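User: I want to know what stands behind the labels in this structure. Take me through them one at a time.

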There are 2 protein chains.
Amino acid sequence: MSDAEPGGLLAANDAFYRAFTTGDISAMQALWAGNGPAFCCHPGWPPIVDREQVLSSWQDILGQGGASDIVFMLLQSAEWGETGIVCGIELLGSAQFSCTNVFVRAGRDWRMVHHHAGPLAPAARLNLSGTADPGRSVRH
Amino acid sequence: MSDAEPGGLLAANDAFYRAFTTGDISAMQALWAGNGPAFCCHPGWPPIVDREQVLSSWQDILGQGGASDIVFMLLQSAEWGETGIVCGIELLGSAQFSCTNVFVRAGRDWRMVHHHAGPLAPAARLNLSGTADPGRSVRH
């Protein structure tokens with residue numbers, strides 16, 4: 001988890017990966033925006049554009065207890081008004097997935113509306129043998 | 001190209017693919033937001049989080065005349081205030097790439113801040129033999 005400000009965008013992103021890694025479907029359901037458009041593309045799955053189907057997909061994925069071995073490496077986060085985008089790499093064993101997570105403000109909280117994880121080609125994978133870049137956060 | 005409202009989000013997305021398919025680097029440079037964060041992940045490349053490097057990557061890709069055989073299929077577009085997200089599938093021969101494009105308002109125009117294209121696994125590719133879904137647009 002990142003050194004995230006409580007209630008901030010990165011805290012919401014941390015909450016997403018906490019639900020993902022611990023298999024907490026209730027937390028995952030609470031994190032996704034309750035209405036409006038939703039988009040989710042899991043690696044190996046066709047994209048999903050219906051909120052109920054998105055949550056059903058997470059139930060399938062988390063039903064076995066979560067993916068405790070996934071690590072998220074932040075590359076960039078940015079806010080434009082009510083919208084926040086967090087970009088990074090999901091590390092899963094030797095595989096790496098480029099990841100876009102989008103959140104929108106709902107009162108004092110952030111709610112997820114978009115998750116897109118796609119595999120990086122072996123030649124495109126980041127060399128993580130050195131010091132990790134802590135990523136950059138930008139607010140507008 | 002879609003049946004996009006002039007000045008609208010889908011028109012900006014169309015402008016992106018027009019620049020992409022015709023190799024118009026000037027149009028591509030004009031489309032990307034002039035300042036602030038930028039994120040770009042081309043299939044097979046590591047993610048890029050610096051605007052100058054994003055534009056340099058497009059110069060490399062478009063330098064040979066553009067990818068005239070790419071077709072974008074809209075799955076969903078949505079607006080939250082000043083931010084708009086367009087999701088779809090890029091079709092390139094038999095390959096399919098799940099794609100997230102993010103734009104922010106700049107006066108009366110939309111400017112691109114984020115492009116993420118990742119390969120769909122063969123088993124996840126959409127069956128396009130039937131009638132294509134025209135996609136869904138939502139404005140908040």
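Analyst: Start with exposure: buried means under 20% relative accessible area, exposed over 50%, and partly exposed in between (1.4 Å probe, protein chains only). At 25%, B:Arg111 counts as partly exposed. This is a predicted model, where local features need pLDDT of at least 70, side-chain atom pairs count only at pLDDT 80 or more, and totals for chains, interfaces and linings use all residues. Residues are numbered from 1 along each chain as its sequence is written, chains are lettered from A and ligands numbered from 1 in the order in which they are written, and side-chain values use heavy atoms, with hydrogens and water left out.

User: What makes B:Asp109 and B:Arg111 a salt bridge?

Analyst: The rule asks for a side-chain nitrogen of Lys or Arg within 4 Å of a carboxyl oxygen of Asp or Glu. Here the N to O distance is 3.7 Å, so the pair passes. B:Asp109 has a relative accessible area of 36%, so this residue is partly exposed.

User: What does the salt bridge of B:Arg105 with B:Glu79 tie together?

Analyst: The closest N and O atoms are 3.4 Å apart. B:Arg105 lies in strand β4 of chain B and B:Glu79 in strand β2 of chain B, so the pair ties together parts that are 26 residues apart in sequence. Strands are DSSP runs of E, at least two residues, and helices are runs of H or I, at least four, numbered from the N terminus. B:Arg105 is partly exposed at 32%. B:Glu79 is buried at 7%.

User: What, then, makes up the interface of chain B and chain A?

Analyst: The contact (heavy atoms within 4.5 Å) takes 36 residues from chain B and 36 residues from chain A. The buried area, meaning the accessible area (1.4 Å probe) that two parts lose on being put together, summed over both, is about 2700 Å². Carbon and sulfur atoms give 71% of that area. In chain B, B:Pro37, B:Trp80 and B:His116 lose the most area to chain A, together 21% of what that side buries. Nine residue pairs are in polar contact across the interface, both at pLDDT 80 or more.

User: How do you know that the length of helix α1 of chain B agrees with its residue count?

Analyst: The expected span is 1.5 Å times one less than the number of residues. For the 14 residues of this helix (residues 9–22) that gives 20 Å, and the end C-alpha atoms are 20 Å apart, which agrees.

User: Why is α1(B) called largely enclosed?

Analyst: Of its 14 residues, 10 are buried, so the rest of the structure largely encloses it. Among them are B:Leu9, B:Phe16 and B:Phe20. Just after α1(B), B:Gly23 takes a positive phi of about 75 degrees.

Technical notes: Polar contact = N/O pair within 3.5 Å; in protein donor to acceptor, adjacent residues only side chain to side chain.
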